[in-house]
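My notes follow in the order I looked things up.

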Amino acid sequence: MCGIIGIIGKDDVAERLVEGLRRLEYRGYDSAGVATIHDGAIERRRAEGKLANLVKELDRDPLPGTTGIAHTRWATHGAPTTNNAHPHATKEVALVHNGIIENFKALREELTARGRVFDSETDTEVVAHLVSELVEQGISPKDAVAQVLPRLHGAFALAILFRSSPDMLIGARLGSPLVVGYGDGETYLGSDALALAPLTQRIAYLEEGDWVIVTAGGAEIFDRDNNPVERPITISGVTGELISKGNHRHYMLKEIYEQPVVVAQTLRSYLRRMEDQVSLPVPDFDLGAIRRVTIVACGTSYYAGMVAKYWFEQFARVPVDIDVASEFRYRAPVMEDGGLMIVISQSGETADTLAALRHARSEGQKIAAVVNVPTSTMAREADLLLPTHAGPEIGVASTKAFTCQLAVLAAFAANLARAKGRLDGKAEKELVRHLAEAPAALNAALAYDESIEAMAHLVAGARDVLYLGRGPDYPLALEGALKLKEISYIHAEGYAAGEMKHGPIALIDDKVPVIVLAPSGPLFEKTVSNMQEVQARGGKVVLISDYDGVQAAGEGCIATITMPKVHPLIAPMVYAVPVQLLAYHVAVAKGTDVDQPRNLAKSVTVE
Ligand code: M6R
């Protein structure tokens with residue numbers, strides 16, 4: 001989603017602002033822009049499409065100036081045109097914005113009635129005019145911002161530049177994250193620490209409602225009631241190195257290949273191998289008091305939650321509700337004492353999930369957050385932080401975050417089971433042993449990359465693709481379909497294999513590849529029966545199973561993908577690899593933008 005960077009520098013900043021935007025590209029965007037102050041005037045360059053277009057603009061017409069702001073925009077209000085690109089500016093003020101100003105129509109009417117003329121269709125431009133008209137009346141930038149912020153409904157992270165105060169920026173956050181970076185005689189604003197990584201590691205995270213005056217010498221932070229506050233400066237630990245593609249063609253492929261290492265890294269925080277026990281990073285959280293679990297997440301994280309529901313119910317015998325975050329609040333969920341909400345999110349910033357978290361908290365629920373960004377808003381608002389240690393995930397399609405989420409959730413379910421007296425020492429030891437096998441099994445699954453690449457053409461020409469699975473492999477089928485549609489733009493659906501005959505089987509013909517996920521285990525026979533129902537109707541099946549499964553049921557399939565034989569507990573982690581690789585190779589075959597697929601954003605910070 002939109003990205004922000006602001007610099008108060010010693011030298012010209014345009015080039016470094018663009019470099020910061022480059023590091024934010026992974027979030028997804030469709031236009032970009034930069035503004036600086038030069039010779040007492042605000043100047044800006046904007047372009048639709050990729051950053052390369054903005055760079056061309058800057059090459060054609062360079063932008064000097066030592067204070068500046070820049071933005072990548074993911075369109076919400078108004079098409080992704082140059083005119084709608086940020087920064088939005090008046091003669092006095094330029095600003096960039098992430099989020100949505102929900103009351104922008106009323107504000108725009110009010111401003112238009114006072115004679116203000118708008119250049120864009122965006123919600124953002126009202127903020128520029130509101131601040132500008134106060135500054136034009138002689139009110140200081142600080143007082144102008146303090147007056148305008150309470151008038152804005154919705155979510156925002158803002159960085160504002162003032163013609164009259166060229167050595168200062170003002171930032172503000174409500175709902176969308178914003179960080180302050182402290183350099184050597186320079187100060188920065190960014191929508192995350194990653195954008196600022198080449199500039200500084202010293203980061204302060206603004207809290208909800210905070211706003212900040214940034215100068216070269218530092219930052220003065222205020223809370224939503226305009227009281228001066230201190231926010232701790234932390235060392236982000238994010239380096240430029242971490243986000244290179246290494247030897248891989250795409251971030252997505254690199255991240256798929258990182259899974260054995262990052263899953264091992266994650267499990268280290270949740271398993272005590274010497275004692276054959278599971279553990280939690282926060283040992284004193286009272287798990288025994290939990291009577292019900294509600295899981296809320298979006299997209300791939302939601303599918304990780306669907307898998308986890310099986311584990312929580314099977315191991316801990318605790319009832320589990322699961323909701324897509326964008327629907328959760330709107331069905332008036334009943335939440336009782338002793339309830340734990342688990343939010344699952346790679347970014348820890350997804351607006352729908354965050355809103356669900358806050359709703360659950362207001363209903364007296366305890367909150368656990370399985371997040372990959374330990375400094376994110378969800379991480380900071382949770383009672384129990386359960387980090388995944390996947391490292392920065394840059395590809396829009398989530399891969400390594402998913403398998404790490406599964407690792408954390410399996411270990412958490414086992415912890416809950418133990419706290420509930422449902423897991424004896426022997427069973428715990430078994431479980432730890434199986435979880436510890438996951439990294440090697442993921443490695444073994446990656447060995448099939450070339451054979452998956454070789455059969456990708458069987459799917460690349462299709463218009464529709466179905467994915468089938470049962471039990472914990474049903475969410476995997478949904479995940480496989482999501483991966484394929486988001487990066488290859490092929491229509492795909494995941495179904496519970498047994499549900500096919502209740503409708504979707506009517507779709508079967510010889511042009512619809514059907515990917516069947518069927519690891520050996522208690523559900524294998526039933527899944528294969530459903531697969532045969534598809535084959536009996538001319539369906540073209542790709543079977544993903546282990547050697548025994550392929551031997552038993554592979555005949556008549558258009559292709560088979562052989563996975564290592566693994567315990568059912570870790571099968572969802574291991575079978576994530578072939579569905580990720582299949583989507584990847586199909587997308588490459590189709591020539592789509594694998595890492596930044598059209599219309600998508602990495603971190604969805606609007607509801
Ligand atoms: O950061 P989050 O895990 O909260 O993001 C949730 C979804 O937006 C995300 O998983 C999305 O579905 C991915 N693009 C899937 O690959």
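**Entry 1: helix 9 and helix 18.** I began with a helix pair. G299, T300, Y303, M306, V307 and Y310 of helix 9 meet Y474, P475, L476, L478, E479, L482 and K483 of helix 18. Contact here means heavy atoms within 4.5 Å. By class, I read 9 nonpolar, 2 polar and 2 charged residues in the contact of helix 9 with helix 18. Ala, Val, Leu, Ile, Met, Phe, Trp, Tyr, Cys and Pro count as nonpolar, Asp, Glu, Lys and Arg as charged, and the others, Gly among them, as polar. Helix 9 covers residues 299-316 and helix 18 covers residues 473-488; their axes are 9 Å apart, at an angle of about 170°. Helix 9 and helix 18 are therefore roughly antiparallel. The class cut-offs are under 35 degrees for roughly parallel, over 145 for roughly antiparallel, 65 to 115 for roughly perpendicular, and oblique for the rest. Axes are lines fitted to C-alpha atoms, for helices over the stretch in contact, with angles from 0 to 180 degrees between N-to-C directions.

**Entry 2: ground rules.** I noted that the model is predicted: local features need pLDDT of at least 70, side-chain atom pairs count only at pLDDT 80 or more, and totals for chains, interfaces and linings use all residues. Residues are numbered from 1 along each chain as its sequence is written, and side-chain values use heavy atoms, with hydrogens and water left out. Helices (H or I, at least four residues) and strands (E, at least two) are DSSP runs, numbered from the N terminus.

**Entry 3: helix 4 and helix 5.** I looked up helix 4 (residues 125-136) and helix 5 (residues 141-148) next; their axes come within 9 Å and cross at roughly 135°. Helix 4 and helix 5 are therefore oblique to each other. V127, L130, V131, L134 and V135 of helix 4 make the contact with P141, A144, V145, Q147 and V148 of helix 5. I read 9 nonpolar, 1 polar and no charged residues there.

Entry 4: Where does UniProt place the feature "active site"? The unreviewed entry gives C2 and K602. Such annotations may be inferred rather than shown by experiment. The two span 601 residues in sequence, yet no two of their C-alpha atoms are more than 9.6 Å apart, so they gather at one spot. I found C2 in the segment before strand 1 (3-8).

Entry 5: UniProt lists residues 2-217 as "domain: Glutamine amidotransferase type-2" in the unreviewed entry. I read 25% helix and 34% strand for residues 2-217, with end C-alpha atoms 27 Å apart. For "domain: SIS", UniProt lists residues 281-422 and 455-597, also unreviewed. Residues 281-422 are 42% helix and 20% strand, with end C-alpha atoms 21 Å apart. Residues 455-597 are 42% helix and 20% strand, with end C-alpha atoms 22 Å apart.

Entry 6: Most residues other than glycine have a negative phi, and most peptide bonds are trans. D39 has a positive phi of about 50° and is not a glycine. I placed D39 in the loop between strand 2 (31-38) and strand 3 (41-48). H86 and P87 are joined by a cis peptide bond, with omega about 0°. P87 is in the loop between strand 4 (67-73) and strand 5 (88-89).
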